[in-house]
Amino acid sequence: MMGQADLRRLQTCMRRAERGEELVLAFLGGSITQGSLASVPKQAYAYLVYSWWKETFPKAEFHYVNGGIGGTTSHYGVSRAVTDVLMYQPDVVVVDFSVNDDADPFFQETYEGVIRRLLSWDSRPAVLILNNVFYETGKNAQEYHNAVGDWYGVPHVSIRDTVWQKVQAGEYTIGGLTPDGLHPNDLGHQLVAGEITAFLQQVKESLQEADKAAGALQEADGLCRMGLPEPMTANAYEGAKRLTIREICPVLSGFRADTREKAGYLDHFKNGWIGRKPGDGITFEIEASCIAVQYRKTIQKPALRAQLVLDGDEAHPVLLDGNFEEDWGDCLYLETVLHHGEWKMHTVQISILPCEEETGGELWTPFYLMALIVA
């Protein structure tokens, strides 16, 4: 990993920290990044890594930004990277979607969009890829994600290649690190953070060697001004946008805009549109070549279902089922309805389907449409 990665951005941040400058440390990912199953937020791996920076560079001033949202993929991540992380002008960003993305070319493309968006931001942050893992199977998307990292010289830290291997060797048990086979307990978070900080310590030690070369600092600062290589995928998602009631005004035919204000980025089910009964409809016109619909799948069953028709193609409707089959909570579900289509003005029509029981929908949980994500 150290040989493949370009460490100059991280080295530049560490030089700045040694001089006592002010830096922003940010984390973008899913539920593990958010801190799920840590006993308190300060036991989450992200906060522990932030603490390492503070302890290692006591003269510097650090700010902590946690952009983790449970159950979300890099498809959603690329659309919210600006509002949840980049608007704070981060200097370092740790990215982890390796257990939420599927290991396939689609999510490799959306993940590349995340990496390119971060690397090209005005603050030119140092980016570090984290690969968490399903402890019972060793499954994750790191093959696809780390290929993107290697393309851009972004370093990566793999929990599958480190902590999970220790589990396989009998040094730890799965139950000792995670109650559900995925989300770490406090010890699990400490081990994840430990792998990241061990890597950062290697970078810090390499800094001393780099400083022996004349002009090392100038070279590192120069990297921040360099352009990116050509994309390795079709890269349709780098400029993805998330459209809520703040950004687009659809035609409402029974749906109603949710006028409640959000109380922070984790207050998910706000700024969208609500369908309360069969026949309620909503129509968007949007110029794009990639379109996805984000809606709530809820554990409060029964929930209303909807039908989506793209560009009037009623022969091929898309079912949007508001019922969530898992039990951990309501899900921010993202349904792709157009991928690498024609760039043009598209029409998206959504209507609430009839209920299976003769209740008229009164006893059913409303359908909550959160956003369109387009690119």
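Strand E3 (residues 92–96) and strand E4 (residues 126–131) pair in the parallel sense over four bridges. Here strands (E, at least two residues) and helices (H or I, at least four) are DSSP runs, numbered from the N terminus. Two strands count as paired if DSSP finds at least two bridges between them. Within this pairing, Val93 has Val127 of E4 as its bridge partner.

The model is predicted: local features need pLDDT of at least 70, side-chain atom pairs count only at pLDDT 80 or more, and totals for chains, interfaces and linings use all residues. Residues are numbered from 1 along each chain as its sequence is written, and side-chain values use heavy atoms, with hydrogens and water left out.

E3 and E4 belong to an open sheet of five strands. The order is E2-E1-E3-E4-E5, and the pairing is parallel. Strands E2 (61–68) and E5 (156–158) stand at the edges. Each has a single partner strand, so one side of each lacks a neighbour in the sheet. From one strand to the next, the twist averages 15 degrees. Angles run from 0 to 180 degrees between N-to-C directions, and axes are lines fitted to C-alpha atoms, for helices over the stretch in contact.

Helix H9 (residues 186–210) lies across E4 and E5. H9 runs at about 140 degrees to E4. Contact means heavy atoms within 4.5 Å.

Helices H5 (residues 105–119) and H6 (residues 142–152) pack at about 35 degrees, with their axes 9 Å apart. Residues of H5 that meet H6 include Tyr111, Ile115 and Leu119. Among their counterparts in H6 are Tyr144, Val148 and Trp151. By class, this contact has nine nonpolar, two polar and two charged residues. Ala, Val, Leu, Ile, Met, Phe, Trp, Tyr, Cys and Pro count as nonpolar; Asp, Glu, Lys and Arg count as charged; the others, Gly among them, count as polar.

Another open sheet of five strands has antiparallel pairing, in the order E7-E10-E15-E12-E13. Its edges are E7 (251–253) and E13 (318–321), each with a single partner strand, so one side of each is left without a neighbour in the sheet. The twist averages 25 degrees from one strand to the next. Strands E10 (residues 281–288) and E15 (residues 344–352) pair in the antiparallel sense over eight bridges. Glu285 stands opposite Thr347 in E15.

Mean pLDDT (the predictor's confidence in each residue, from 0 to 100) is 93 for the chain, and 93% of its residues reach 70 or more. Over residues 216–225, pLDDT stays under 50. Where pLDDT is low, the predicted coordinates should not be read in detail.
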